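Colleague: Please give me a close look at one single part of this model. Then go on from there to whatever else deserves a comment.

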Amino acid sequence: MRHTITLIPGDGVGPEIAQVVKNCVSALGVDIDWDIQQAGASVMEKEKTPLPDRVLDSIAKNKVALKGPVETPVGKGFRSVNVQLRKNLDLFANLRPCKYYEGARSRITDPSGIDLVIVRENTEDLYAGIEFMESCGGDNPLLTFIREKAGVELTCDTGISIKPISISGSERIATFAFEYARKYGRKKVTGIDKANIMKLSDGLFMKAAEDVSKKYPDIIYEHKLVDNMCMQLVQFPEKYDVLVLPNLYGDIISDLAAGLIGGLGVAPGANMGNEYAVFEATHGSAPDIAGQDKANPVGMLLSAVLMLSHINEADAAHQLERAVADVVREGASVTGDLKSKNDLRPPVGTREMGEAIVKKIIAS
Ligand code: NAD
């Protein structure tokens, strides 16, 4: 089947790793017509925005995008490209699989069983951007409101961030997590929050996840508090399968889990909604190594694995994942960040690592 997919090479190391993905996908023989759309700092001067409408139009048409990292100009009044994509396309779920591949550098003594999928709610919580400055010397109706309604006296030098969590938003993300678990043969979903303290926001998330879990009797459901979960993930990461969390905890736990499996270079991701999906590595544009043929392409390649599964090219997805895993395990053709101290073989560049993966695909 022929697919048309938007490809945003992005900034910094983005074009280098995007080229590796294109070469691998072409070796897999999947019929993909890449609709290449530049975005980020590279188009700013010419188009006066890091996210031109043509990029959104392309994703709206194709439904699926693979994206390199993009830089949002700091302090120039532009909203983050990633936030805009999320809002415009209603990408309410952030998906972060964290699976250990032998050969990656982990500090965990036995990381071999780590195979987590983190589902983070992407639109609510403390990321909603509802914030109030401290306000000494002026009238502050919010502090009066809090005193009268919550019986809490806050001093005027207090900054306030609001944490909205809705039943509909929580049910939507929990349903996404269970549907994902069912589609990909996962056995257990763990709902994570701090419902014992934030009873009216996290408590609501907890209840919504429990309610949704009743519709999926084939999948085990359990609840954990986020502080306990941090310890569990460091001590027994192999016990967990799909995790579903509100936005802030999801952000933090995703990075913790990426650390367990070897860090930024090997962590794939996706932002998904009911209609659209944007797949991307979790790392940024790595300006310190851009254009030097040093970037590890694995994060973006594993994001392409997710993308291939999503477009029902499961065989190609497995083939690509196996080829990446083989090259990482053998360790002879990997970038510097994947090298252990005891490995005296010199690292290879992004291009050469990509060629080694292509060779594995062709040989498989
Ligand atoms: P970064 O992820 O770009 O870099 C952090 C460190 O990790 C650097 O030392 C870098 O060299 C290294 N690194 C990152 N990716 C690597 C790879 N594939 N292989 C080897 N090493 C790698 O984070 P940052 O420096 O905070 O951000 C740089 C820029 O990227 C910023 O403009 C930021 O806004 C943007 N950013 C974009 C996204 C995105 O588009 N999804 C995500 C994060 C950051």
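Modeller: Take E222, which sits in strand β9 (residues 220-225); helices (H or I, at least four residues) and strands (E, at least two) are DSSP runs numbered from the N terminus. The model is predicted, so local features need pLDDT of at least 70 and side-chain atom pairs count only at pLDDT 80 or more, while totals for chains, interfaces and linings use all residues. Residues are numbered from 1 along each chain as its sequence is written, and side-chain values use heavy atoms, with hydrogens and water left out.

E222 counts as buried because its relative accessibility is 19%, and buried means under 20% relative accessible area, with exposed over 50% and partly exposed in between (1.4 Å probe, protein chains only). The side chain of E222 has a polar contact with the side chain of T190 at 2.8 Å, and another with the side chain of K188 at 3.2 Å. A polar contact is a pair of N or O atoms within 3.5 Å; within protein, one must be able to donate a hydrogen and the other to accept it, and residues adjacent in sequence count only if both atoms are side-chain atoms. Setting aside residues up to four places away in sequence, E222 touches K188, V189, T190, G191 and Y240, where contact means heavy atoms within 4.5 Å.

H3 can be read in the same terms. It lies in strand β1 (residues 3-8), and H3 is buried because its relative accessible area is 8%. The side chain of H3 makes a polar contact of 2.7 Å with the side chain of E313. Beyond neighbours within four places in sequence, H3 is in contact with V30, D31, I32, D33, I311 and E313.

Next come the helices. Helix α11 (residues 314-330) has 17 residues, and at 1.5 Å a residue it should span 24 Å, which agrees with the 24 Å between its end C-alpha atoms; the expected span is 1.5 Å times one less than the number of residues. Its buried residues are A316, A317, Q319, L320, E321, A323, V324, A325, V327 and V328. They pack against α1 (14-28), β4 (93-99), α10 (298-310) and α12 (350-363). After α11 comes G331, with a positive phi near 75°.

The packing can be followed into α1. Its 15 residues should span 21 Å at 1.5 Å a residue, and the end C-alpha atoms are 21 Å apart, so the two agree. G14, E16, I17, A18, V20, V21, C24, V25 and L28 are buried in α1, and the buried residues pack against β2 (32-36), β3 (64-67), α10, α11 and α12. Just after α1, G29 has a positive phi of about 80°. In α12, T350, M353, G354, A356, I357, V358 and I361 are buried, and their cover includes α1, α10 and α11.

Two loop residues have a backbone angle to note. Most residues other than glycine have a negative phi. D293, in the loop between β12 (277-280) and α10, has a positive phi near 60°, and D293 is partly exposed at 25% relative accessible area.

Last, the ligand. Of the 17 residues around it, V70, G284, A286, D288 and N296 come nearest; a residue is near a molecule or strand if one of its heavy atoms lies within 4 Å of it. A backbone N or O atom of G284 is 2.7 Å from an oxygen atom of the ligand, a polar backbone atom of S285 is 3.0 Å from a ligand oxygen, and a polar side-chain atom of D288 is 2.8 Å from one. The protein covers 64% of the 820 Å² of accessible area that the ligand has on its own; accessible areas come from the Shrake-Rupley method with a 1.4 Å probe, and for residues only the protein chains shown count as cover. The shell has 7 nonpolar, 5 polar and 5 charged residues; Ala, Val, Leu, Ile, Met, Phe, Trp, Tyr, Cys and Pro count as nonpolar, Asp, Glu, Lys and Arg as charged, and the others, Gly among them, as polar.
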